[in-house]
Amino acid sequence: MRTPWIGWLALGWLLAQTPPLKTIAEIQTPVNLAAGNDTSVLDGQKVRVRGVVMTECAWHRQYGVSGGPNSKRCSIWLQENGQSGPQTGLQIRRQNTTDMPTGFTGLQQGQYVELTGTVSYFQGEIQLLVDTTVSPQILGVGVPLAPPTPLTVADLNFSNGSHNLQSGDPWQGSFVKLENLTVQSVATNPLRITVTDPNGYQIVIFGEFKGLSNNYPVGTRLDSVKGIVLHYWPSTGTPMYEICPWHDSLMYVGNPVPNVRNLTRAPVCPKSTESVQVTVEVTSGISADPITGVTLYWATGSSTTYTAVPMTASGSTYSATIPAQPQGTYVHYYVVAQDQSGDQVKFPRFEPQSYRVNDAGCRITDIQYVIPSVLYAYNPSGRRDYLGSGYATLSVTNVPGVVTASENDLGYIHVQQPGAPDWAGIWVVTASSMPSLQIGDSVVITNATVNEYFGLTRLTNATVTRVGPASAPIQPVVLPLNVIYGDTQYAATEPYESMLIRFRHDNPTQVLKVVQPKVSTQSQHAGDYRVGMDIADPLRGIRVLAGRQTTNIFSSLNVSYVNDSSWAVVEGVINPSIALCVVADSTELDSLQGILTYQWNFVKLLPRYNADFFRVRKASCTDTTGGGGGGGGGAALVGAGTLPLRWGPNPASSEVWVEVPAGYGLARARLYTLEGQLLQEHAFVGSGTLELRGLPQGLYLLEVEAQGHLTRVRLLHL
């Protein structure tokens, strides 16, 4: 009689391990919309869910991109079987780029499936983070999607595009249809098509999927758009609901407008003796509505009174000439195309193309130069996106300069034009690495393409030739801290973009302070700390970033001063030959310098190496060089609040010893890989030893803990 009892016990245990089956509506139920809490009532719980696959991994724009060329990271969307309407759709997300549940990335539209995962929340969107250890169950195939539910934009957003949380939240993840929309703007990388309805309500058609193209110029009228509702709620900025068609076939176009592209000029960098020929490609949306004319508008200086010149057609190519202008003249221009039905397209829409006449040829100061007053008049909203180079998308060559940052210090190449007080620096991305390039080298840049990287001008695919040492090193421009007040003084800081800049106290007899050790908890800003003059006025200071290198976060790994010791081995490995110093609100310094940049909507300073910091005091530092001040190799120079650790040697070949004051009692030393895998742990009182023999050579993380105090250092094993 014992066997049945054991069987029922085993069955009960098995059932206890099986997550409950929940409907999409149950998962999409928010905690309390009235209080602004739109997380799921099931947030953090492991569940099973069933639904019909609406979109496939291969369609998702992140598939094969994020995490590297071999990444399989992706999301799919499920629809409740046979149902459309509120709370009938759900995003299923696979975040990790290495784990792959068998069959997940191969799921196809129309399959009825069961998936297991944990209910989660990201930027306003309730999601299911798929369990990578549980394969999908395919319960049926060839199941048709329920048709989209007709909505108005007002059901999702207010007129300014901000989310209407109360009425919009039930539609996140659902398949819907919006009608009678007009394209107002198009942004790329990522693709965002802003449209309005006849009542002026605004929504973004977002390029979440590869099948959506940017072939919808400003003015295009869309009879209808079908897609999945995505809730975008950033930590800062405007939360909104967006609609995401997975293919152009879900975009129904009525009365297309002219398609304008490839606006170019020759020469790109004109001299005072040269006229400039402007050319552009213009085609009609449909043959029944042909192009009737294209006009070039140009002006000089800060004037916004433009001269109109009809452009001559040769097939789909239209051209016109801007006459030669005096040395130093700033020329800006745009084109307007019109079709037979009267639709007009202005190109560029957000700012004119421009150039500055220079008899010396292409110079950094000309490539970077803009007149903000012109751009604000051209585009009254004056967004930071519009303060870009008038040379964008064009090729420049024979651009001279002096290296101010290299791959050996900052990790990224910046070049500056000597003798120029502003508009003189630029980020250079070379066709191949250049480890021999050093700060102070005089160079010439050839065959480079100018582009805007999220508002930051750079030269890409550049060939950089070293001429020799510069006749004089580039001296930093000293700026007052109020120039960058609040991180967003874009017009004021634009002239100094990518230049070597120094900040010091307005009163040279006083010191600067770290006024905010951690400015933000957002991942893209988590490494930022702010240096200013007054801890009571932290916005009058400069964001400083060091110790992080990712695909879209750029800073030096040769700087000791960071805001968290974790950056030593997270998102880049800080140079193990330098001390690791964590700044605090007590940290002081005389001044600091670096490359002024723009990342993730904020102005920041990128120090290149420790020499860019002048007389730093009261930072919590750990010497990892194997030399340093307390004897025994690897002495700790640690401030209050951390564990006073002595350890060594570093580098080490066979073993490493650790020592903490005996008064701390039982301590534990742990050795980790840089990926966080625990290799060994050793308990000791006073001192102890960790064995390294048999471990591969390379960098490791050594952690010592006692009485709630913790110190981490990097260990180089040879």
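Which residue stands opposite Thr307 in S20? In this predicted model, that residue is Trp298. The pair belongs to the contact between strand S19 (residues 291-300) and strand S20 (residues 307-310). These two strands run antiparallel and are joined by four bridges. Six residues lie between them in the hairpin. Gly301 takes a positive phi there, near 60°.

S19 also pairs with strand S23 (residues 330-339). This pairing is antiparallel as well and is built from nine bridges. Within it, Gly293 has Gln338 of S23 as its bridge partner.

The nonpolar cores were examined next. In soluble globular proteins, nonpolar side chains tend to be buried together. The largest core here holds 47 residues. Ile501, Phe503, Val531, Ile542 and Leu592 touch the most other members. Eight strands each supply at least two of its residues: S27 (399-405), S33 (477-479), S34 (500-504), S35 (512-516), S36 (529-532), S37 (541-544), S41 (591-599) and S42 (602-606). S41 gives the largest share, four residues.

The surroundings of Val531 were then listed, leaving aside its neighbours within four places in sequence.

Key
Residues numbered from 1 in each chain as written. Predicted model: local features only at pLDDT ≥ 70, side-chain atom pairs only at ≥ 80, totals over all residues. Heavy atoms only, no water. Pairing = 2+ DSSP bridges. Core = buried A, V, L, I, M, F, W, Y, C linked by side-chain atoms within 4.5 Å. Buried < 20%, exposed > 50% of the residue type's maximum accessible area, 1.4 Å probe, protein only. Contact = heavy atoms within 4.5 Å.
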